[in-house]
Amino acid sequence: MTRSRDGRRAGPAEPPSHRLPPQPGELLDRTRPLAFTWNGRAHTGIAGDTIASALAAAGVRVFSRSFKYHRPRGIMTATFLDPGVTVQVGDEPNVRGAHRRLVDGMTIEAQNVWPSLRYDVRAANQLVARFLTAGFYYKTFIKPRQLWPTYEKILARFAAGGVVSRHSSPGYYDKRYAHPDVVVAGGGPAGMGAALLAAEAGAQVMLVEEEYELGGSLRWGGAPELAVLRELRAALEAAPNVEILVNSVVAGRYDDDWVSIVQRGLPHVDERLIKARAKALVVAPGLIERPFVFEGNDLPGVMLGTAVRRLVNLYAVRPGRRAVVLTANAEGDAAVTDLERAGVEVACVLDGRRGQELRRAIGRGGLTSVELADGRRIDCDLLVVSTGWTAPTSLLNMAGGQPVYDSVAARFRPGDDLPPSVLATGGLTGDGSVEELVGHGHAVGSAAAAQAGFGSARAPEPLPMHPHPALFRAGTHGMVDFSEDVTSKDLFSAAAEGYDSSELVKRYTTATMGPSQGKLETVNTVAVLAEATERSVADLGTTVWRPPYAPITLGALAGRIFEPVRHSPMQTWHVRHGARPLVASQWIRPDHYGDPQAEARNVREGVGIIDVTPLGKLDLRGPDVPLLLNAVYVNKWSKLAIGSVRYGVMCSEGGVVMDDGVTGRLDTERYLMSTTSSGAAAVWEHLEGVLQTEHPEWQVHVTPLTTHYASINVAGPRSRALLSRLTDVDLSPEAFPYMRVRTGRVAGVDDCLMWRIGFTGELSYEIHVPASYGLHVWTTLLDRGQDLGAAPFGVEAQRILRLEKGHLVVGQDTDGMTSAIDAGLEPLVKLDKDDFVGLPELGWAHERPNQPRLVGLQPVDGRVVPAEASQIVRGTKEIVGRITSSRMSPTLGRSVCMGYVAADLAHAGSTVTVVLPSGQRIDATVMPSPCHVDPEGRRLHA
Amino acid sequence: MARARYSALGLLGHGLSQRRWSRVWRDHDLEPSYDVVIIGAGVHGLATAYYLAANHGITNVAVLDSSYLGGGGSGRNTAIVRSNYLTPEGVRFYDRSVKLYENLAAELNFNVMFSQHGHLTLAHDDGSLRTMRWRAEVNKLEGIDSEIIGRDEIQRLVPFMDVSAEARYPILGALYHPPGGTIRHDAVNWGYARAADALGVQIHQNTEVLGIDVQDGRVRGVRTNRGDVAAPVVVNCTAGWSSLVAALAGVRLPISTHPLQAAVTEPVKVFLNTVVVSGTLHVYVSQTARGELVFGASTDPYPSYSMRGSLEFTEELAGHILELMPSIARVRVLRQWAGLCDMTPDFSPIMGITPVEGFMLDVGWGTYGFKAGPVAGETMAELVATGKTPEMIASFDLARFAEGRLVGEKGAAAVGH
Amino acid sequence: MFRIPCPHCGPRNRTEFRHIGERGSRPDPRATTPEEWRGYLYGQRNASDWTAETWYHVAGCRKFVTMDRHTLTNEIRPAAGSTATVTDDGTPR
């Protein structure tokens, strides 16, 4: 005989023992039975059941074990918030069992129990509960320190919560933008009334209801309530401008009525996050029934009045056999009637309005009797408690409204400080009959529509607040936060110790920090704290309500994760030819094609081509372009001749190197600026900033052309030979010297641009081709250059080549603090210019002569290639520099580096100590210049 | 005044006898004068007060806070402790803090729950990897345990991480810092408060400083909503509002205040044992022993004093977290909040004297304030007690901005955690 | 999420813009001292109050937009001294 995971013997599935005959308002479709398992045991439910109602119908009483003390828990509120019925469904943790509809074939398990729900070993905690008061861990596990990790592992075993698996299916989530005129949060009587009249006024309305059907409390009402429900529902479904979302929730209201809605129940979509810019928001969440604090109030069998009404009327479940009821309001009274109709023996009704009280609930593993205030004990398996309400004001708080405590009604209500676009209606604002609630909803709906520009109705007066006894705690101590296992005794102790404000007591005991987000706990916590510190609830107020209003999955928040990728027109060619991809923020580029050292050698000896399309390109036109260039670059640009190209460096106003590139003059008033690929957007913004905010009088137009051109650099001693086969532009050194730009036809493509620049230090031409012809020109170069040994080279080979030539890479050989002077660019900085960005800081650089300088370095042992970022030290650990770039040079057959060294070491010939990551220290020599290969640049000027 | 010590035995005793524990800190009337007034009862202010009393015997100290103690940044941060910084000064400074944190529970007799599970900073491109290497090398030279690890090791430490090459931003490596971890921030605040109170320091909650009295270039005292207080030394420890408080003394700070948001999920079974940070994706995540995932990202990209959370923060955060750990899509966010970060131009704090004699600063803490609480308290106490700026904080002086001597920490605070 | 009234595009989500900074007056670099210059570079008022700011409409018209924003409530009004006004629905005039 095997035991299932709930510890009971397995056997044939039992017929539901607590199911009632059909109820007038039930949500069940009795023609559709559903099969499911609970802790490995087979059960049947009915379509329309929630997980909790199906299990309750089958006679299950204990659904979970609490967090700290592992006390058995059952249904208490029968709503989304019910802390006792959180279960694992398949690979989905923390499913709210009293909200989630049963689906055929569901595998449901209890969470956080071992070895089984029934015989949970950690329930032993209850024996030592008196020692494990809230915050007990602050007072212990202090010594010995080394054991804290072990204690922590033990504490982690008790962590509540379901299991998320590494192999969980990711699901599908998406998002939607909406611009409704009016969003109504809550589909009870007032919410439905508001949606109806807002729609009648002409507004586009979104009506959002957390449960699977509209109606709120009308659903478990009597015949009159059900009739009102049918009428309202029909009218709403007929209204063309009302979008009804059920099983959905308004999760937050942000600045300017930016409203988030989580929509569930769509076919093919797990959850959809709707982001709505509403013109008006109507908040109609109703009231949440508040638990009563007394000893044993968390026993399975102790339920709230609305829980009983839901179970009986919506799900045809008999909640017990013999009941005691403590009622202080009409809902509790109605629960008594429902119980009697359901055949439950109501052994005793206590009227909280007349001061009748109970003392404690008694039982082990479930309720068996109730002790009244006068000492009498009544045997029962169901205790129904209806002692008060909590107003869920969170959405209003998010809109800046502060709730006000009404001591006559014993609950909070909205204050008068809401923005005009946020309105409240229904039970949240006051009390009344169904007609009065619907009527108030109507009036608020019209006012909301007026706020959105439809009609001119004004907001009505709030509903009156009816008196209600202030019942928070019986004479005994009980649970205040059921998810966190925090009792009223814990709150008293904490307050006595000095954690006596709402915020401190919450943080110390963790009350209100559980999965119900404080909706069931906050008011009782404040009330008990008020009692403990002899203040009033009004004085203490509530703690801050933080979004989201309801829990949202990471999936819904993320949606379809869009991470756009950019690549050049030649990327498919690169992939097909074995390129290893380099991810450079949004761009995917070829890093190398298998052997970067060989690629680099081929450039030095023959000709190579590289795809440099991501290079930033900006078209600059107008009579004042030289003024702009002078302003943003550190060097001089007034005399740049047509057809010439110049290298420039841009700095920030603090003198820090920001970007570099070449700019060429194509015509009298037409220039092309290039930037680094990662700096393209920032430089464009920078230019616009100067033109719009500093010099609006300058006539310059800036147009980004980065993606307009595919860019190919043809480099190596045979590059002229190759390129001359594809163009009739005169490439002779006299006609097209170094640092010049020409336009013309390349490989049959018109309007190409070529400039002779020298990042790699070889004779080279950078061709900018209209992008749609990029691949054509690329393949043509390779085809026509086969006999010349033309081959592609990637970013890695380019890095090797430029390092051999000592060309710095902004962002690698400079960082967020490097000035142009530190980077060895002083010759470029023309301090005698008019104002430019970087002046005056660059002029004051001489005040800091001891800044580390950028130099070329070569390890004495040429076989050692120090890792980039290796530190340069003096003595044991005084850091005097670091290696910023480092490669094996195929041209020299030895390692070459670039890096920073302290000013007093930065002269040619000095020896420095480099610490490799292994800890080994090697010597390196500072070179006369950062350029290791062909320092005179003969190859460049060929 | 006899103060019961916390211990397992004490827990047993109190549990058996049902005796009440003594109050953690007392309420006081505001005296007309103190030797030292500290504005801000967060971890910095409370630690400064504690060390003034414990290390220097200066107990005539008042710590004033406009709200409840530990309610500012100290109560809103995600409690990450580490010392894997970029500059040698930074490393030495934060390492001192880590050492103090390691012994703090014993010193304060309050379990601060410092879990040194390890801290991982992921690199998704070679620029980041280079910066991680830079930090590792500087750390090692200073004797701090930090190293670059590869994908296999990362997968072993974090089984839920997507280390595949198919990820949108594939992981290239990470900076692994075993002594880093998380701590219970409220416990640190309460521990310092309780210990300082036991030594005679007065903590005044709900006491707002409305003005700072400066005459002839020196501070004379403060004006509060509960009365005026004379003091020759006033220390500004009000992270999040430090510009506003400094302005009361006529001191302008190079600070821009930005919200920093965070979010927490419902609990799930513990599956993550290290703190994971990604600079490229601008997110970080850790999991508490209770099973909640705690997330954060970078500061809001515009200055604000609002502590309301935004939807776009959680959207972006969730997207990036799922890029790192795709299988946790069903876990639900329970709440989000924000604190305020005082950002300086060089991502380093501003500590020490000001042109107003007696008015001192412990500000500019950006996104790295909580981890520095103990060392900041220790050094500020030394400055106040001796009148000399300790070597360890000499490079964090206010004068450095006018003198162009910025500290180079930007590389270490990519996401700032 | 608050909206920023772009003079060209109307009220647009904040996420379409990049915050540039407080509008301050830039000293003449030829005539300034290091202390004054660095005060301009690094010092901002950083008040919890109406602040004169510049934002850049990076995901829209790419214009630099000036306005006053209250740094606690994120309310926005036209920059002091400008002739722009804003209608009830946030559209600039």
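Analyst: Gladly; we start with strand pairing. β10(A) and strand β11 (residues 242-245) of chain A pair in the parallel sense over four bridges. First, the ground rules. This is a predicted model, where local features need pLDDT of at least 70 and side-chain atom pairs count only at pLDDT 80 or more, while totals for chains, interfaces and linings use all residues. Residues are numbered from 1 along each chain as its sequence is written, chains are lettered from A and ligands numbered from 1 in the order in which they are written, and side-chain values use heavy atoms, with hydrogens and water left out.

User: Which strand pairs with β10(A) over four bridges besides that, and in what sense?

Analyst: Strand β9 (residues 182-185) of chain A does, in the parallel sense. Val183(A) stands opposite Met206(A) in β10(A). From β9(A) the chain crosses through helix α3 (residues 189-200) of chain A to β10(A), and this β-α-β crossover is right-handed.

User: Why is a crossover called right-handed?

Analyst: Point the strands away from you. If the path from the first strand over the helix to the second runs clockwise, the crossover is right-handed. β10(A), helix α4 (residues 223-238) of chain A and β11(A) also make a right-handed β-α-β unit.

User: Where do the side chains of β10(A) point, and are they buried or exposed?

Analyst: In β10(A), residues 205-208, Val205(A) and Leu207(A) point one way. Met206(A) and Val208(A) point the other way.

User: How do you know that chain B agrees with a compact globule?

Analyst: The globule rule is 2.2 Å times the number of residues to the power 0.38, and the radius of gyration is taken over C-alpha atoms. For 417 residues the rule gives a radius near 22 Å; chain B has 21 Å, so the two agree. Of these residues, 69% count as buried. Chain B has eleven helices and 19 strands.

User: What makes β30(A) and β5(B) edge strands?

Analyst: Look at the sheet's order. Nine strands form an open sheet with mixed pairing: β30(A)-β17(B)-β13(B)-β16(B)-β15(B)-β14(B)-β4(B)-β6(B)-β5(B). β30 (552-553) of chain A and β5 (147-149) of chain B each have a single partner strand, so one side of each is left without a neighbour in the sheet. Inside the sheet, ten bridges join strand β13 (residues 256-265) to strand β17 (residues 332-343), both of chain B, and they run antiparallel. There, Pro259(B) has Leu340(B) in β17(B) as bridge partner.

User: Why are β35 and β38 of chain A at the edges of their sheet?

Analyst: That open sheet has five strands in the order β35-β36-β37-β34-β38 (chain A), with antiparallel pairing. β35 (645-651) and β38 (701-704) each have a single partner strand, so one side of each lacks a neighbour in the sheet.

User: How many bridges join β36(A) to β37(A)?

Analyst: Four bridges join strand β36 (residues 657-667) to strand β37 (residues 670-675) of chain A, and they run antiparallel. Gly664(A) has Leu672(A) in β37(A) as bridge partner.

Definitions and conventions: Buried < 20%, exposed > 50% of the residue type's maximum accessible area, 1.4 Å probe, protein only. Helix = DSSP H or I, 4+ residues; strand = E, 2+ residues; numbered from the N terminus. Pairing = 2+ DSSP bridges.
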